[in-house]
Amino acid sequence: MKCCLYFLFALNTLAVFSQEPMQYWNKGEQYLNDQASLVINQAYKVLDAYSPTPAPTDERRLALFAIDALLHDTRFDGSQAFMDYISMAVNRIAVGLENKPTDDARIYRCYNHGFIVQTPTVTIAIDLIRGGSKDHPFMTDEQVQRLVKQCDILFVTHAHSDHADATVARMFCEQGKPVIVPENFWNDISQCVKVLRGSEMVMDKIALKGGAVNLTVSAFPGHQDEMLNNVYAITTPEGLTLMHTGDQSNSNDMRWVAEIHKQVKVDVLLAHCWWMPMKQVVDGIRPTLLITGHENEMEHTIDHREAYWLTFRRLSDVEVPYVVMAWGEHYELKKIK
């Protein structure tokens, strides 16, 4: 009997291996594609074993650096391995959102500088996009719809396409969910698009779920160069305050950035990794926790696809705890009530 079992196991093992190439002569593109898939899958096994934390292990750093290496190799751009990677990351977020927390908050890292924050009462999307170009987005409409279905509101910091996606905004509007923007763009979409902007910080209460819950939102009048860029401070019904920076980058605004801590107590700062000097920014906002975004924006040239390893270098003198995440990962804030 044992001999039969060993024989069947051996046949099954051979069948599995027979489906995988043992050599790639004259198949360079397939070689690179298969290698990329193996690296991504192995990197996420390591990331799952060493979850996001303010004290990342060497193993976690190495996994992030391996992803950096792939995403800075233009041969990977648009490949099947890359599209599979995006699908995997979106699926991880969707599965998590569909299992809503009862006691904690979860902060999901989406593509580029997109985040979804889920608490027991609300689910907030910020700068959620499909990625890629208008004609060739990285995410399918079906994939994004799965995320939008779980969200209650969308915040958009500014009009650049790596932060603002009209297709995603329409999905929110079609479900009767508000979209908050800094200026009057997307007037053709729906009355659900609401402008929140002033010459100074403005505050509003936004009703969600038919008025069952409210968000308190402060919008600071930021800029990326000359483009209007809202820096949002969003307080959930549980009292958790998140701040998202968009692509804030204007030296004239640093005077009010330095005073933010006097106006709002920020629990979690979701900051673009290339905003420098980061220590000066963090000292002005004084969050309890910093989480970075905007690493590896694939529509940028490789010199501006900000790497995870470069984020760690830029944060070396930051004195508050910080977390660096890959797409599809999430960080849990325990017992926020």
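Cys173 is buried in this predicted model, with a relative accessible area of 12%. Its disulfide partner is Cys192, which also counts as buried, at 17% relative accessibility. The structure holds 1 disulfide, 12 aromatic pairs and a largest nonpolar core of 76 residues.

**Cysteines**

- The sulfur atoms of Cys173 and Cys192 lie 1.9 Å apart, which places the pair within the 2.5 Å cut-off for a disulfide.
- The link of Cys173 and Cys192 is left-handed, with -50° about the S-S bond.
- This pair connects distant parts of the chain, 19 residues apart: Cys173 belongs to helix α6 (residues 166–174), whereas Cys192 lies in the loop between β5 (179–181) and β6 (193–195).
- Cys151 takes part in no disulfide, and the nearest cysteine sulfur, that of Cys110, is 7.7 Å away. With a relative accessible area of 1%, Cys151 is buried.
- Cys273 is likewise in no disulfide; its nearest cysteine sulfur is that of Cys110, at 16 Å. Cys273 counts as buried, at 2% relative accessibility.

**Aromatic and charged groups**

- Among the 12 aromatic pairs is that of Tyr111 and Phe138, whose ring centres are 5.5 Å apart; their planes meet at 85°, so the pair is edge-to-face.
- Tyr111 is located in the loop between β1 (105–109) and β2 (115–118), and Phe138 in the loop between β3 (123–126) and α5 (141–150), so this pair ties together parts 27 residues apart in sequence.
- Both Tyr111 and Phe138 are buried.
- A cluster linked by ring pairs comprises Tyr44, Phe76, Phe82, Tyr85, Tyr111, Phe138 and Trp327.
- Arg61 places its charged end over the ring of Phe312, at 4.2 Å from the ring centre.

**Helix α5**

- The buried residues of α5 are Gln143, Val144, Leu147 and Val148. Viewed down the axis of α5, these residues fall within an arc of 135°, so they line one face of the helix.
- A general point of helix geometry applies here: an α-helix has 3.6 residues a turn, so residues three or four places apart point the same way.
- Glu142 and Lys149 are exposed on the other side of α5.
- The cover over the buried residues of α5 includes α4 (80–97), β2 and α6.

**Nonpolar cores**

- Within the largest nonpolar core, of 76 residues, those touching the most other members are Ile67, Ile116, Leu128, Val179, Met243, Leu290 and Trp327. Helix α4 contributes the largest share of this core, 9 residues.
- Setting aside residues up to four places away in sequence, Ile116 touches Ile93, Leu97, Arg106, Ile107, Tyr108, Cys110, Thr123, Ile124, Ala125, Leu128, Leu147 and Cys151.
- A second, separate core has 29 residues, including Val117, Ile126, Leu196 and Met325.

**Backbone geometry**

- The peptide bond from Met276 to Pro277 is cis, with omega near 0°. Pro277 is found in the loop between β11 (268–272) and α9 (278–285).
- Trp186 is not a glycine, yet has a positive phi of about 70°. Trp186 lies in the loop between β5 and β6, where Cys192 is also placed. At 14% relative accessibility, Trp186 counts as buried.
- Arg286 also has a positive phi, of about 55°, although it is not a glycine. The loop that holds Arg286 runs between α9 and β12 (289–293).

**Surroundings of Ala63**

- Ala63 is part of helix α3 (residues 58–71) and counts as buried, at 6% relative accessibility.
- The C-alpha atoms of Ala63 and Val46 are separated by 6.5 Å, while the two residues are 17 residues apart along the chain.
- Apart from neighbours within four places in sequence, Ala63 is in contact with Ala43, Val46 and Leu47.

Notes
Residues numbered from 1 in each chain as written. Predicted model: local features only at pLDDT ≥ 70, side-chain atom pairs only at ≥ 80, totals over all residues. Heavy atoms only, no water. Helix = DSSP H or I, 4+ residues; strand = E, 2+ residues; numbered from the N terminus. Buried < 20%, exposed > 50% of the residue type's maximum accessible area, 1.4 Å probe, protein only. Phe/Tyr/Trp six-rings, centres within 6.5 Å; stacked < 30°, edge-to-face > 60°. Lys NZ or Arg CZ within 6 Å of the ring centre and 35° of its normal. Arc of directions from axis to C-beta. Contact = heavy atoms within 4.5 Å. Core = buried A, V, L, I, M, F, W, Y, C linked by side-chain atoms within 4.5 Å.
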